[in-house]
Amino acid sequence: MAGTRGRFITFEGGEGAGKSTQIRLLAEHLRGLGRSVAVTREPGGSPGAEEIRNLLVTGGTGRWRPVTEALLHYASRHEHLQVTVLPALAAGTWVLCDRFADSTRAYQGNGLGVPFAVLDALHAQAVGDFRPDLTLILDIDPEAGLSRTSDRPGAEDRYERMGADFHRRLRDGFLDIARREPERCVVIDAARPIDAVQADVRGAVMSRLGVGAA
Ligand code: TMP
């Protein structure tokens, strides 16, 4: 609708939770209802942010000091927000984003031990008060998720190689976020078949944002 800001929906979760499939299906659904929809991702989502992504998702697991890594994610995020997300929302487009700031809290905070106070300070500088309208956390046991990722492009597997304990900590991190912010977050059991997960995704969009009923 002209003059109406779009909605910002983020998808979060560990490796192999099926976010990209679910995003694609929700985008098709919302477009079918006549909405303008953009699909994007983090790290990345704008030309500069995609360059930063390459520094983050390839190479040795210990390639960056944890705080450096958080700074790179926030550099990518700032660029992506300014160049891609905010202009699209202002134009009335709904933006579906594969990962956002909750991933930094879970991966760099719970996973790598960067203090949450440091992440909060970076967030305030790079993002400010902007928040997703809705966050869908696709939850899956890390071992089951990682076993689904073996058919991915090999070069982008830096985080997948970080070890079982790391992946367990970040799952706890996402569930903590959902407990602390129930008005923004919905946890969805992603171990089920694609259609069942998509039904819950659409249901959450309908109940939280009032559109897109199946
Ligand atoms: P993807 O595999 O979902 O495209 O995401 C790329 C990787 O980046 C994924 O393993 C999670 C990681 N990541 C972080 O560690 N911190 C972040 O803030 C984001 C957005 C992603």
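1. A polar contact here is a pair of N or O atoms within 3.5 Å; within protein, one must be able to donate a hydrogen and the other to accept it, and residues adjacent in sequence count only if both atoms are side-chain atoms. His 73 places a side-chain N or O atom 3.1 Å from a nitrogen atom of the ligand. Taken alone, the ligand exposes 480 Å², of which the protein buries 93% (accessible areas by the Shrake-Rupley method with a 1.4 Å probe).

2. Please keep the provenance in mind: this is a predicted model, in which local features need pLDDT of at least 70 and side-chain atom pairs count only at pLDDT 80 or more, while totals for chains, interfaces and linings use all residues. Residues are numbered from 1 along each chain as its sequence is written, and side-chain values use heavy atoms, with hydrogens and water left out.

3. Around the ligand there are 14 residues, of which Glu 15, Arg 53, Arg 99, Thr 104 and Gln 108 come nearest (a residue is near if one of its heavy atoms lies within 4 Å). By class, the shell has 6 charged, 4 polar and 4 nonpolar residues, where Asp, Glu, Lys and Arg count as charged, Ala, Val, Leu, Ile, Met, Phe, Trp, Tyr, Cys and Pro as nonpolar, and the others, Gly among them, as polar.

4. Helices H2 (47-57), H3 (66-90) and H4 (101-111) each supply at least two residues of this shell, and H4 gives its largest share, 4 residues. Helices (H or I, at least four residues) and strands (E, at least two) are DSSP runs numbered from the N terminus.

5. H3 and H5 (residues 116-126) pack at about 25° with their axes 10 Å apart, which makes H3 roughly parallel to H5 (angles under 35 degrees count as such). Axes are lines fitted to C-alpha atoms, for helices over the stretch in contact, and angles run from 0 to 180 degrees between N-to-C directions.

6. Two backbone features deserve a look. The peptide bond from Glu 42 to Pro 43 is cis, with omega near -10°, and Pro 43 sits in the loop between strand S2 (37-41) and H2. Arg 99, although not a glycine, has a positive phi of about 80°; its place is in the loop between strand S3 (94-98) and H4.

Technical notes: Angles under 35 degrees count as roughly parallel, over 145 as roughly antiparallel, 65 to 115 as roughly perpendicular and the rest as oblique.
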